[in-house]
Amino acid sequence: MSILEILYYPDKRLRKIADPVIVVSNDIKQIISNMFDTMYFNKGIGLAATQVNIHQQIIVVDLGEHRKQRLVFINPTIIKKAGTTSITESCLSIPQIHEIIPRSEKITIQSLDQNGNKFEMEANNLLAICIQHEVDHLFGKLFIDYLPPLKIKKIHKKIKKSLKLFKKHQCPL
């Protein structure tokens, strides 16, 4: 079990565009395993490699209650979108921020799986939303980017305040 360090907004590395995976090697499979460990440890339902400072196009998702619905998407491409929906989203990289974000209700995605096999699948509702959220990370986009500028400004203030409080209460080395 290996827990990776999550990058927190406003870290500029969250804006870096991920590179496609060329070969699904044992190293990539280890990254995927570590990403699942990290996601579960942080009680998430999805994680993009970008969030753990690995800038390759890999996302992991598990909506199951018992961690038995693992999905891996390598070099994912959303090829079709339909309908609209919105839910209150949050993000492991932007803790304590929860906002209603518009998304497509149904998507079709092409990807490679954890063994490098190409597949296509349809997803709807929460799974579609989660995949869209994580794919955005691979292209440097965060869920707060969908919000109006005034709302983003308020979030920046809240995050700055939280960072000041955190730094104030840190123990000296």
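Residues are numbered from 1 along each chain as its sequence is written, and side-chain values use heavy atoms, with hydrogens and water left out. Because the model is predicted, local features need pLDDT of at least 70 and side-chain atom pairs count only at pLDDT 80 or more, while totals for chains, interfaces and linings use all residues.

Reader: How many aromatic pairs does a search of the whole structure find?
Author: Rings of Phe, Tyr and Trp (its six-membered ring) pair if their centres lie within 6.5 Å; planes under 30 degrees apart count as stacked, over 60 as edge-to-face and the rest as tilted. Searched in this way, the whole structure gives 2 aromatic pairs.

Reader: Is the pair of Phe 36 and Tyr 40 stacked or tilted?
Author: The ring centres of Phe 36 and Tyr 40 are 5.8 Å apart. Their planes make an angle of 25°, and under 30 degrees counts as stacked. The pair is therefore stacked.

Reader: In which helix do Phe 36 and Tyr 40 lie?
Author: Helices (H or I, at least four residues) and strands (E, at least two) are DSSP runs, numbered from the N terminus. Phe 36 and Tyr 40 are 4 residues apart, about one turn of the helix. Both belong to residues 26–41, which is helix 1.

Reader: Is Tyr 40 buried or exposed?
Author: Buried means under 20% relative accessible area, exposed over 50%, and partly exposed in between (1.4 Å probe, protein chains only). Phe 36 has 2% relative accessibility and so counts as buried. Tyr 40 has 10%, so Tyr 40 too counts as buried.

Reader: Which residue lies over the face of Phe 36?
Author: A charge sits over a ring if NZ of Lys or CZ of Arg is within 6 Å of the ring centre and within 35 degrees of the ring normal. Lys 141 is placed in this way over Tyr 146, at 4.1 Å from the ring centre. Over Phe 36, at 4.3 Å from the ring centre, lies Arg 70.

Reader: Which residue touches Arg 103, Lys 141 and Tyr 146?
Author: Contact means heavy atoms within 4.5 Å, and residues up to four places away in sequence are not counted. The residue is in helix 2 (residues 125–138) and is buried, with a relative accessible area of 14%. It is Asp 136.

Reader: In which strand does Glu 89 lie?
Author: Glu 89 counts as buried, because its relative accessibility is 5%. Its contacts beyond four places in sequence include Ile 97, His 98, Arg 103 and Phe 143. Glu 89 lies within residues 85–91, strand 4.
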